[in-house]
Amino acid sequence: MRRIGLGSIAGRVYARAGLAKARGAALALAALSLPLSAVPAAASLESCLPQMRAQAVKAGVSQRTVDAALADVAYDEKAVRFSTSQPEYKTPIWDYLAFLVDAERIADGRKMLSRHARVLAQVEKTYGIDRHIVVAVWGVESDYGQFRGDFHVPHALANVGCSGRRAKYFRSELIEILKIVDRGDVRLADLQGSWAGAFGQTQFMPSTYRRLAVDFDGDGRKDLVNSVPDALASTANYLKNAGWVTGMPWGYEVKVPAGYRGPSGRKSKVSVTEWGKRGIRHLDGAELTGSARAGLLLPAGAEGPAFLVFSNFDAIYTYNVAESYALAISHLADRLRGAGPFQVAWPTADPGLSRKERLELQKLLLRAGYDIGEADGRVGAATRAGISKAEARLGLPVTGRPGQRIYKALGGR
Ligand code: CA
């Protein structure tokens, strides 16, 4: 559904640098990295708001909702900055997965599978989507409903709808979200989400909401904020609509011969048998056979874990338009089902950290005297700067990454 990079926890991993929660150093660094001209003044919001309000009313939103939603909208520097800046830091795939698929999220997900077993069985029956995939999306998007987002969505959308490259798109998303309020599906006060407009327990964009949200608990409202059945069923409905084939796996890990230089890529699909002919094997060495079409995903090159991915992987991909995201969902789903970690290690001497370890690393940095702001588990520019300094002082390669090497060097266990 394309959530413009920052629409979810998954997206936020890429862009923590810009997302520093008003922590002094991080904020200053991020602000300095932008030319002043890229940040439109508050005046442009004031001059554009009346026009936007009129546009919403013309599109059929009630005057009452427009007034309630946009009466006290103020200039939001952070939302505007996020909409115009590119993340300057690319997260390695092993950090991304270590963060999103950690022991805590697996354990919490298993609890959710059991707590919501009845509704998940109904969702599975109605939409044909594997419940582990649905729960994995929920876990990654909002930590099973615990994370709601840092922005009041109508205000954020009004801001980014008045500035930047995709103003027109965000304006139409604003109108969509006001219509959701008009219909009584979600209360205005409940619209916490991302600066780009994604909200609810599985982070739907407003326009996606209109197309695909469903009322599954039967109370007459499509409420992806407060209703777990609505959120889970809507996610399943999304995946069904994205072409999910019931009963097919997303894919599986495979073994690639040493020095493999053959074709790869999610989109270059051939039959499983054909991959077998190219030397790809099951992890246990067994021959690959089958007529289903798959792509060979090599997220870290032929030296790292390799996966055959089917069309269901593509369906997951559309949720956040990133292969790393689709792999995180797929792997978390497998882990929820009881599978173990990938068998082939990532090609790095410095694997990533779980959320608990990230928080612990921040505490260790603070204890060692590095001023990284508050230890909140969010690794932004300030934390990375602190890591770099600590690495330099300890004679380690300077990466600025929250990895196992610096974690252990500072006494983490
Ligand atoms: Ca409902």
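A residue counts as buried when its relative accessible area is under 20%, as exposed when it is over 50%, and as partly exposed in between (1.4 Å probe, protein chains only). Here are a few notes to read beside the structure.

1. **Ground rules.** This is a predicted model, in which local features need pLDDT of at least 70 and side-chain atom pairs count only at pLDDT 80 or more, while totals for chains, interfaces and linings use all residues. Residues are numbered from 1 along each chain as its sequence is written, and side-chain values use heavy atoms, with hydrogens and water left out.

2. **The disulfide.** Searching the whole structure turns up one disulfide (a pair of cysteine sulfur atoms within 2.5 Å). Its partners are Cys48 and Cys162, with sulfur atoms 1.8 Å apart. Cys48 sits in helix α3 (residues 42-58) and Cys162 in the loop between α10 (153-160) and α11 (167-182), so the pair ties together parts 114 residues apart in sequence. Helices here are DSSP runs of H or I with at least four residues, strands are runs of E with at least two, and both are numbered from the N terminus. The S-S torsion is about -75°, so this disulfide is left-handed. Are the two cysteines buried or exposed? Cys162 is buried at 12% relative accessibility, and Cys48 is buried at 7%.

3. **The sheet.** Five strands make an open, antiparallel sheet in the order β4-β6-β7-β3-β5; strands pair if DSSP finds at least two bridges between them. At the edges are β4 (265-271) and β5 (281-282), each pairing on one side only. Strand β3 (residues 251-255) is joined to β5 by two bridges, and Lys255 stands opposite Arg281 in β5.

4. **The cores.** A nonpolar core is a set of buried Ala, Val, Leu, Ile, Met, Phe, Trp, Tyr and Cys residues joined through side-chain atoms within 4.5 Å. The largest has 90 residues, and Leu97, Ile177, Phe199, Ile316 and Tyr325 touch the most other members. Helix α16 (residues 323-336) gives the most to this core, with eight residues. Leaving aside neighbours within four places in sequence, Ile316 has contacts (heavy atoms within 4.5 Å) that include Ile133, Trp250, Tyr325 and Ile329. A second, separate core of 13 residues includes Val254, Tyr260, Val270 and Val272.

5. **His132.** Look for this residue in helix α9 (residues 131-142). His132 is buried, with a relative accessible area of 15%. Beyond its neighbours within four places in sequence, His132 is in contact with Leu113, Ala333, Leu336 and Arg337.
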